[in-house]
Amino acid sequence: MKTIETAAQYEEIKNTKKAIFVFSADWCPDCRFIAPVLPEIEQTFSDYEFYYVDRDQLLDVCQAENVFGIPSFIAYDNGKELGRFVSKDRKTKEEIEQFIRGL
């Protein structure tokens, strides 16, 4: 999974690719809980590019996207939001896969 470094990079990828953004943080226990399954999810849904957005490094992006709980997921296809799985609750592999299948 590639890491988003700047708000400009986020906007460029959001508007030009079929991507799923994973909003997370190193200190987040629920984010660490799902981290081991993310590579498998990436392989299963290889028609998307996956990007890590660090909540602490890109707080302005999180605020603009109304992401106040992590981990959260937002999917875009060339600037069109396909869906979001945003909440403060812990997510399971099955819930994440169900979200992506429903896009």
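1. Let's start with a term you will need throughout: a residue is called buried when its relative accessible area is under 20%, exposed when that value is over 50%, and partly exposed in between, using a 1.4 Å probe and protein chains only. By that rule Cys 62 is buried, with a relative accessible area of 0%.

2. A word on what you are looking at. This is a predicted model, in which local features need pLDDT of at least 70 and side-chain atom pairs count only at pLDDT 80 or more, while totals for chains, interfaces and linings use all residues. Residues are numbered from 1 along each chain as its sequence is written, and side-chain values use heavy atoms, leaving out hydrogens and water.

3. Next, the cysteines. A disulfide here is a pair of cysteine sulfur atoms within 2.5 Å, and the count by this rule is one. The partners are Cys 28 and Cys 31, with 2.4 Å from S to S. The torsion about their S-S bond is about 75 degrees, so the disulfide is right-handed. Cys 62 is in no disulfide, and the nearest cysteine sulfur, that of Cys 31, is 10 Å away.

4. Helices (H or I, at least four residues) and strands (E, at least two) are DSSP runs, numbered from the N terminus; two strands pair if DSSP finds at least two bridges between them. Strand β4 (residues 72-77) pairs with strand β5 (residues 80-85) in the antiparallel sense, over five bridges. Asp 77 has Lys 80 in β5 as its bridge partner. Two residues lie between the strands of this hairpin, and Asn 78 takes a positive phi near 50 degrees.

5. Glu 65 deserves a close look. You will find Glu 65 in the loop between α4 (59-64) and β4. Glu 65 is buried, with a relative accessible area of 6%. What does Glu 65 touch, not counting residues up to four places away in sequence? Counting a contact as heavy atoms within 4.5 Å, Glu 65 touches Tyr 10, Lys 14, Phe 23, Ile 74, Tyr 76, Glu 81 and Arg 84.

6. On to the charged pairs. A salt bridge is a side-chain nitrogen of Lys or Arg within 4 Å of a carboxyl oxygen of Asp or Glu, and the structure holds 12 of them. Which residues are linked with Glu 65 in a network of salt bridges? That network links Glu 65 with Glu 11, Lys 14, Glu 81 and Arg 84.

7. Lys 14 forms a salt bridge with Glu 11, the closest N and O atoms being 3.6 Å apart. Lys 14 and Glu 11 are separated by about one helical turn because they sit three residues apart in helix α1 (residues 7-16). Lys 14 is buried at 13%, whereas Glu 11 is partly exposed at 35%. Glu 81 and Arg 84 meet in a salt bridge of 2.8 Å, N to O. Glu 81 is partly exposed at 34%, and Arg 84 is partly exposed at 32%.

8. One more salt bridge to find joins Asp 56 to Arg 55, with the closest N and O atoms 3.4 Å apart. Asp 56 counts as partly exposed at 38% relative accessibility, and Arg 55 counts as partly exposed at 24%.
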